[in-house]
Amino acid sequence: MMDLTITALHKAYRAGELTPATLIDQLLRNAKNVGTDSTWITRLTRPQLEPYLQRLQGESTETLPLYGIPFAIKDNIDLAGIPTTAACPAYAYTPAESAFVVQQLIQAGAIPMGKTNLDQFATGLVGERSPEEYGTPGNAFDPDYIPGGSSSGSAVTTASGQVSFALGTDTAGSGRVPASFNNLFGLKPTLGLLSNRGVVPACATLDTISLFTLTADDAYAVFNVAARFDPQCAWSRPYDFAVAGKRYGQPTASFRFGVPFEAQWQTDVAHAEAMSIAIRELEALGGERVEIDCSAMLAAARLLYEGPWVAERYHAVRELIDSTPEALHPVTRQIIESGRTPLAVDAFDARYKLAEFKRLSDAQLARVDVMLTPTVVTHPTKTEVANDPIGLNSQLGRWTNFMNLLDYSALAVPIRLADGLPQGVTLFGTAFKDLFLLSVSRVLESSLALPLGATDIPRSHPALLPPASDGTLELVVCGAHLEGLPLNHQLADRRGYLLSQTKSAASYRLLALPGEPARPAMVRDDVNGHAIDVEIWRLPIESIGSLLSGIASPLGLGKVELADGRWICGFIAAADALAELDGTQDITQHGGWRQWLQAKASASPMTATDSALSL
């Protein structure tokens, strides 16, 4: 066993302690010792791996971000020259080229080790729906327990130290349930960020490739390579995180995280404890807990299998299931065949319901920066699933099935090991929250310090990173934009919310400007300045331009120093423009705009002579 994290392997490569070829040879020797292994459908041989090693000649960790990093591919994702089976031998075909995402990873230096087992046609969350000739993987911690599906093999190969990361797919939870069951990070990206070209569809409108990694940093490194716009994929969505002001790193000291009402968790004791630990850790990191009603989300989750979206699964394999139904696993066949019956009107009915559920769910999410929920409610044994294959599968999808229907980003995060099994939670948010979810998970990972996957290898302390950015901006306001005052709606209308009430550094004067609505200006004065009461609001960066365009002279946006030494964007005033205004009053002695408004309301007006300000 060795530390297969990207950071550890690249450190060994740079030190000359390891080469990609020696690593691959070691992994192949380890594989021989495993014997029959149902986690794989196709393992690449040493001759098949040679071309991938050869293309690394003359390259290094400096030139290729995934140089020499071994990975696995769920066998419903194409790898050129290797059969794609979707765990159904009768369906198998051999693609001439790799899936778009696989191409990106190989070009970045990653080495594909083979194709992994799955619930047939990616239909299931249990990992128990492969045909007999492929078998079903055991959980990496205890083979009597299910590995989770549908990306069972991808999770188990990563957790057991056979690869550094693996590709799965996630339509209903297939990239998060097995991650939770195997002590892994399971990133389900925003739909469209990872191209679906070269992926066998389950529900084409809801599918995405997912990532299984050992650490948050590894998830970011792989995601950063894989998330490229594919103009040949109808479902691909262009998005530039940097342009949107989003960056992976150390999360902000203050953020709001939502937690469902505890009555909605419906978890067993072990997974309830994982939730409690995660809540405590997030609060210790400076997060503010906000209780959220998730009723609309849970209602949307039920639409996935109780509604007409099953017809999409039927559409994906219609020719095979109609001509050779016996080729399908019995449970898979039972589920997919039900997709024959929904009418077009049923699809519209469900779509109307979903629109209402999304409106309600989005309103709840607008109250927080990130949501925290269970990933699963229990971890069944293989025997329990055999006795109730559909019922238990439905239970496992309680907190996963709604994510793609509602166009949310999600990340399964390991939290604890208890009684020999892992438990985790899920962080999720609106579309394109991916980097913020990873940033929050990184500090959870650092504080909990679990071993890597199902190995005894300790987790290295992560390197320091610059502050993360989730595409929002903290804005200091001191006057008419304060909560409850006439211009505050300009912040609320832009989905802004109040973070805190504080004071500026003792280096400002506060001036009341003439005109309506009444508004002040803060002017920097290091000699005669005082601390001024202010509020800090958080707004989406994309809303700042429209706010700025409506700010009247002499005010503008710039940097304001706070009492704690931070410099934050806020309202400032141009001194030369102030000099041209008549009737400006120096109200610094009041200490804040609210205090001056109160004093003005209760006292006789000051004379113009008394209040004139010489600039």
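About 60 Å³ of space lies in the largest cavity of this predicted model, and a search of the whole structure finds four cavities of 30 Å³ or more. The largest cavity is lined by Met2, Asp3, Leu4, Thr158, Gly161, Val163, Leu214, Leu452, Thr455 and Ile457. By class, this lining comprises six nonpolar, three polar and one charged residues.

The largest pocket has a volume of about 720 Å³. Its lining consists of 27 residues, of which Ile6, Thr7, Ala8, Asp217 and Asp218 are the closest to the centre of the pocket. Three helices, namely α1 (6-14), α7 (216-226) and α18 (434-448), each supply at least two residues of this lining. When the lining residues of the largest pocket are sorted by class, 11 are nonpolar, seven are polar and nine are charged.

The second largest pocket holds about 580 Å³ of space. It is lined by 24 residues, and those closest to its centre are Thr430, Lys433, Thr472, Arg495 and Pro540. At least two residues of the lining come from each of α14 (344-365), β12 (421-430) and β18 (533-540), and β18 gives the most to the lining of the second largest pocket, with three residues. The class composition of the lining of the second largest pocket is 10 nonpolar, five polar and nine charged residues.

Aromatic side chains were considered next. A search of the whole structure finds 14 aromatic pairs. In one of them, the rings of phenylalanine 71 and phenylalanine 165 have their centres 5.0 Å apart and their planes at 5 degrees, and because planes under 30 degrees apart count as stacked, the pair is assigned to that class. Phenylalanine 71 belongs to strand β2 and phenylalanine 165 to strand β4 (residues 165-169), so the pair ties together parts that are 94 residues apart in sequence. Both phenylalanine 71 and phenylalanine 165 are buried.

Another pair is formed by phenylalanine 255 and phenylalanine 257, whose ring centres are 6.4 Å apart and whose planes stand at 50 degrees, so that this pair is tilted. Burial applies to both phenylalanine 255 and phenylalanine 257. Ring pairs also link Phe223, Tyr239, Phe241 and Phe432 into a cluster.

The bond from glutamate 516 to proline 517 is cis, with omega near -5 degrees, and proline 517 has its place in the loop between β16 (508-513) and β17 (519-524). The bond from serine 553 to proline 554 is also cis, with omega near 10 degrees. Proline 554 lies in the loop between α20 (544-549) and β19 (555-561).

A further loop position is that of threonine 85, which lies between β2 (70-74) and α4 (100-107). Threonine 85 counts as buried because its relative accessibility is 4%. A polar atom of the side chain of threonine 85 lies 2.9 Å from the backbone nitrogen of alanine 87. When neighbours within four places in sequence are left aside, threonine 85 is in contact with Ile41, Asp75, Tyr91, Ala92 and Tyr134.

Terms used
Residues numbered from 1 in each chain as written. Predicted model: local features only at pLDDT ≥ 70, side-chain atom pairs only at ≥ 80, totals over all residues. Heavy atoms only, no water. Helix = DSSP H or I, 4+ residues; strand = E, 2+ residues; numbered from the N terminus. Buried < 20%, exposed > 50% of the residue type's maximum accessible area, 1.4 Å probe, protein only. Polar contact = N/O pair within 3.5 Å; in protein donor to acceptor, adjacent residues only side chain to side chain. Contact = heavy atoms within 4.5 Å. 1 Å grid on protein atoms, 1.4 Å probe; cavity = no way out; pocket = protein on both sides within 12 Å on 5 of 7 lines; lining within 4 Å. Points joined across faces, edges and corners; volume = space filled by probe spheres on them. Nonpolar A, V, L, I, M, F, W, Y, C, P; charged D, E, K, R; others polar. Phe/Tyr/Trp six-rings, centres within 6.5 Å; stacked < 30°, edge-to-face > 60°.
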